[in-house]
Amino acid sequence: MTLPAEEPCEAPLRRQPTQRRSARRVERMLDACADLLDEIGYEALSTTRIAERAGVAIGSIYQFFPDKRAITQAVTRRHVEQFVSRVGRRFLSEDYGGWWDAVDAIIDEYVDMHRTVPGFRVLHFGDVVGLNLLDGVSDNNAVIAGRLRGLLLQEYGLADSEELDLAILVAVEAGDAVLKLAFRRDPEGAPEIVAEAKRLVRGYLSRQFTGASA
């Protein structure tokens with residue numbers, strides 16, 4: 001399965017690493033940023049702290065990133081790619097009775113990333129730092145909705161339409177809000193609220209997806 005392409009947007013990197021060693025160094029910076037976000041939060045984050053944690057000179061940071069926001073943006077994009085990749089792998093490896101089970105799988109991946117992926121519980125998909133962190137035009141949830149829309153269209157052959165676009169965007173916004181409530185209530189995600197998020201999204205989308213089959 002070919003995953004849908006991300007909408008083009010301005011890259012957070014000043015320049016792309018051209019050597020494997022440089023690419024590994026950039027990955028260490030992103031890993032350090034993600035770990036520090038969990039430990040101290042975005043406000044206390046600094047390029048100096050990221051450099052120290054990554055074991056690189058501060059000049060190495062500025063070779064690739066102008067500031068901490070750009071590094072955070074790169075971490076967020078990595079989260080998006082990881083999320084879409086994980087959902088895509090589940091779609092390939094698991095058999096679902098219909099789109100409703102696929103929606104549950106999408107929510108399960110979000111919850112698992114919130115619990116296990118460094119930086120995700122602070123950033124989600126970037127909205128904590130800025131609503132347009134992923135794209136200079138569309139807000140973050142619109143970018144996520146576009147990626148999930150592509151997966152669902154590809155897997156279930158739904159008829160593409162503006163109404164479907166709107167339905168998926170509203171479902172992402174609503175589900176995101178309820179899942180954030182689940183993690184405010186319980187650091188591991190209150191299971192009863194996660195279940196309500198699934199029920200809410202499935203109930204809303206059923207009006208658009210009626211008749212869709214696996």
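In the predicted model, the axes of helix 1 (residues 20-44) and helix 4 (residues 68-93) come within 9 Å and cross at roughly 105 degrees, where axes are lines fitted to C-alpha atoms, for helices over the stretch in contact, and angles run from 0 to 180 degrees between N-to-C directions. Helix 1 is therefore roughly perpendicular to helix 4, a label that covers angles of 65 to 115 degrees. Helices here are DSSP runs (H or I, at least four residues), numbered from the N terminus. With contact taken as heavy atoms within 4.5 Å, Glu27, Met29, Leu30, Asp31, Cys33, Ala34, Leu37, Tyr42 and Glu43 of helix 1 meet Lys68, Arg69, Ile71, Thr72, Ala74, Val75 and Arg78 of helix 4. By class, the contact of helix 1 with helix 4 comprises nine nonpolar, one polar and six charged residues (Ala, Val, Leu, Ile, Met, Phe, Trp, Tyr, Cys and Pro count as nonpolar, Asp, Glu, Lys and Arg as charged, and the others, Gly among them, as polar).

Residues are numbered from 1 along each chain as its sequence is written. Local features need pLDDT of at least 70 and side-chain atom pairs count only at pLDDT 80 or more, whereas totals for chains, interfaces and linings use all residues; side-chain values use heavy atoms, with hydrogens and water left out.

A cavity is a set of points, on a 1 Å grid over the protein atoms alone, where a 1.4 Å probe fits but cannot get out, and lining residues have an atom within 4 Å of a point; the volume is the space filled by probe spheres set on the points, which are joined across faces, edges and corners. Of the 18 lining residues, Ile106, Ile107, Leu148, Ala171 and Val172 are the closest to the centre of the largest cavity. At least two lining residues are supplied by each of helix 5 (99-116), helix 7 (140-156), helix 8 (162-185) and helix 9 (191-209), and the largest share, six residues, comes from helix 8. The lining divides into 15 nonpolar, two polar and one charged residues.

Helix 5 also holds Asp104, which counts as buried at 14% relative accessibility (buried means under 20% relative accessible area, with a 1.4 Å probe and protein chains only). Leaving aside neighbours within four places in sequence, Asp104 is in contact with Lys198 and Arg202, and the C-alpha atoms of Asp104 and Ala195, 91 residues apart along the chain, are separated by 9.2 Å. His114, which lies in helix 5, is buried with a relative accessible area of 8%; residues up to four places away in sequence not counted, His114 touches Phe120, Arg121, His124 and Phe183.

Terms used: Parallel < 35°, antiparallel > 145°, perpendicular 65-115°, else oblique. 1 Å grid on protein atoms, 1.4 Å probe; cavity = no way out; pocket = protein on both sides within 12 Å on 5 of 7 lines; lining within 4 Å. Buried < 20%, exposed > 50% of the residue type's maximum accessible area, 1.4 Å probe, protein only.
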